[in-house]
Amino acid sequence: MCRIHGHFDADLSPHDLRAAGALQRHGGPDEARLAHGPGWALGSNRLAITDPAGGHQPYEGDGGRLKAVFNGEIYNHAELRARLEGRGHRFADHCDGAVLPALYQELGQDFAEHLDGMFAVALVDLRAEPTLVLATDDAGMKPIYYRWDGRHLRFASELPALLALGQERPALWEPGLDSYLATKTPFGEQTLVDGVRVLPPGTTAVCSRSRGLRLYRRPAPERPAVTGGEPGEQVREALTGEVRRLAIADAPVCAITSGGLDSSLVTAMMAADPAAGARRVHSFNIAYRGEWPHDERHFAREVAQRAGTAHHQVELDAARFPELLPAVAWHLGQPNADPITLSTYGLFEAVHRAGFKVALTGDAADEVFAGYGRVHAAATAPGAWLPAYVDALAAIPAEARPRLYSADYRAFVAERGSASDAITEELRQQAEHRPRLDVLTDFETQVRLPAYHLRRVDHLSMAHAVEVRLPFCQRPVRELARALPQAQRLSPDGGRGKVALYAAARGLLPRSVLDRPKQPFTLPVTAMLAPGTPLWAFTREVLSPARLRTGGLLDPAAVERLLRAQQTRPADCLALATWSLLMFELWREEFAVRRAPARPAEDRELLEVAS
C-alpha cells in the first residue's frame, strides 16, 4: 500500500514532485522515492505491507525502460510471478508490485485485466515514444486524481497532493455545490475542483504526445451462474475464502467491528480461520464518550466475545471535534456530507496507535447485497419511485436546496438544471429496459460506492497509515451477489435486503446481531448539534454570515434560519443539512477555493474515450 503521484510532459521540478509527495507521506511513511526524466516523473510513498524489506519503487523492467509505481495490493501476485518466471523474467524481491513491469511487457495495455486486488498503477514506457499508463481496479477501491489540460497530465492518489502540482489556487467546479448537496459528495469522474477528475473504476488511461490522453474501460468479467447449492452457503463459502485471503499480510492485521451484520461477519470469519493458529484476532469498535443515541458498542462486544477476539473499545471525545474536523476536511480533499467521516478518522487513529497496519472491514455489503432501505422502497414501490429514491441520496432535498443558495447561484442552478434532475433522468432511461433492482444495484455499486464510500474509507484510513481491505468488494463476492435471484437479495415483501447474506451468517453471529433492526454506523449528529456542545459552537462560527458572504454561494439569512430551526426543534434532516453545509465551508476555506465562471464548454470532455 502506497501513495503515488507524478506527471507527463508537465513543467514540474523535482522540488514540486517532492512537495506533493510530502503531502501524502501520512499514507506511506516507510519510504519516499522519486524517479524522473525528460517529460515524466513517478513518485511514491510506501506503507510496507508485503515483503517489507523489498518493494523499492519504482519497479523496473526491460532494462529500466519500463518503470512503475502503484498503490494497493495485488492478491494474485504469487501466481503471476510464477507465470512470468516461466517466461524468463526474474525478480529482485517478493513484493506484489514487482510483477507489474514484466506483466506489462508481456501483455501491454491489457495488463490490468489480469490483476486481482485493489490498485492504482502508474507506469512509464520509454521503449519507443514515451507513454504514461494509469490503471485502477474494477471496484474503485484505489483512486487516481488527475488534471489534463490537453497537453500536460498531473496525477496523485490524493487531491491535496495533486493541487500542490498546480500553479494557482483551486477553482470551484461551478455546479459542484448543488451536486454535492444532491448526493453528499460528487459522483462520477468530476470533483468539486474545476479541471480535476477521478479515473473511473476499471479504467486504463494512456497518455502520449502524439495521441494525447485516451481512456479505456476494461471489459467486465462474466457473471457466474448461481447453480446448485443453497445461496447462503455459496455466499458463505465465497466470503470466507476472500476473508482468509485478505487476512494474510507481512504486517499486523485487525478487524473493524461496528456491531452490524457485515463487519461482524467478517470479524467472525477472521477469528474462525484455521490458518490464524495461535494468533488472536484483534477487533476495534468506535463509540463516543458520554451517553448518546444509537450506541452499538454492546453489539460489537457480543460479537467479539463469541468470536474470541481481543477487543478494543475506542471512545471519541466530542470535545475534540472542532480540532479534528479541519483535518478531516483536508484529508478528504473534497467534502463528504456523511458524519461518519469524523468517526472513521478517529477510529483509524486508534488502530494506528495500537500498532496495526492492516484492517478488514464490512464496507460495501449494503451496496452489493441490496441492504439499504431506500433500495427496498424503490424496488417495491407500486407507482412512482424515482423522486423518493433520488431525494434519499441527498444531504438536502431538491425542493429545499434553492432556498439556501445565494441569488446568483440559485439562478445558475435553475438555468443549468439540478443534479437531482440529471440522476432522475439517467435512472429513468435505464429502468425502461431493465429490472428495477438491477438498475438500483448497478447505480449503488458502480456510481455511488466508489465516490461516496470507498474514497472516504481510503483517505481517512491512510491518513493514519492503515490499509483497509474490503472482502465485499472482491470480485468473487460482488459477482456472486449480483447473479443471485432477486428473492435472495431482497425479501419478497421488500422489508429486508441481504437475504442470502443473513443466511450465510446463521450460526456464526449472536441472535441479537442477526435480529436487530438495521441502523447506520455513523455519528449521532442530531443530538450533538445542540446548544452548549463544542460542535454547535464550532458550527456557528464556521457558518457565520461574514464567512458565508466570503464564499458567495449560500444565503446567510437562509442558513441562519436553518440553524435556528435545528436549535429549537432538532431533527435528523435539519442536522444533516447543517452538517453538510459545515463540511462544504470547511473544505472551501481549507483549500482557499475561489469561484470561477462556468465555461461554455463546461460539460464537454477534453478526452478521447475509447471502448
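At 45% relative accessibility, aspartate 408 counts as partly exposed, a class that lies between buried (under 20% relative accessible area) and exposed (over 50%), computed with a 1.4 Å probe on protein chains only. Its partner in a salt bridge is arginine 595, with N and O 3.3 Å apart; a salt bridge here is a side-chain nitrogen of Lys or Arg within 4 Å of a carboxyl oxygen of Asp or Glu. Arginine 595 is likewise partly exposed, at 32% relative accessibility.

The model is predicted, so local features need pLDDT of at least 70 and side-chain atom pairs count only at pLDDT 80 or more, while totals for chains, interfaces and linings use all residues. Residues are numbered from 1 along each chain as its sequence is written, and side-chain values use heavy atoms, leaving out hydrogens and water.

**Salt bridges**

The count of salt bridges comes to 49. Side chains of opposite charge can pair when their charged atoms come close.

| Pair | N to O distance |
|---|---|
| Glutamate 73 and arginine 469 | 3.5 Å |
| Glutamate 189 and arginine 197 | 3.6 Å |
| Arginine 595 and aspartate 408 | 3.3 Å |

Arginine 595 lies in the loop between helix H26 (572-590) and strand E18 (608-610), and aspartate 408 in helix H15 (residues 407-416), so this pair ties together parts that are 187 residues apart in sequence. Helices (H or I, at least four residues) and strands (E, at least two) are DSSP runs, numbered from the N terminus.

Glutamate 73 and arginine 469 form a salt bridge that links distant parts of the chain: glutamate 73 is in strand E5 (residues 66-74) and arginine 469 in strand E17, 396 residues apart. Both glutamate 73 and arginine 469 are buried. Glutamate 189 and arginine 197 are buried as well. A network of salt bridges links Arg434, Asp438, Asp442, Arg482 and Arg489.

**The parallel sheet**

Five strands form an open sheet with parallel pairing, in the order E15-E14-E13-E16-E17; two strands pair if DSSP finds at least two bridges between them.

Strand E13 (residues 253-256) pairs with strand E14 (residues 282-288) in the parallel sense over 2 bridges. Alanine 255 has serine 283 in E14 as its bridge partner. Helix H10 (residues 340-353) packs on the sheet and touches E13, E14, E15, strand E16 (358-360) and E17, with its direction at about 135 degrees to that of E14. Contact means heavy atoms within 4.5 Å.

**The antiparallel sheet**

An open sheet of 6 strands has antiparallel pairing and the order E2-E3-E1-E9-E8-E10. Strand E2 (31-37) and strand E10 (196-198) each have a single partner strand, so one side of each is left without a neighbour in the sheet.

Strand E8 (residues 145-148) and E10 pair in the antiparallel sense over 3 bridges. Arginine 197 in E10 stands opposite tyrosine 146; arginine 197 also meets glutamate 189 in a salt bridge.

Helix H1 (residues 14-22) lies across strand E1 (2-8), E2 and strand E3 (40-46), running at about 155 degrees to E1. Helix H17 (residues 436-462) packs on the sheet through E1, E8 and E10, its direction making about 110 degrees with that of E1.

Notes:
Axes fitted to C-alpha atoms, helices over the stretch in contact; angles between N-to-C directions.
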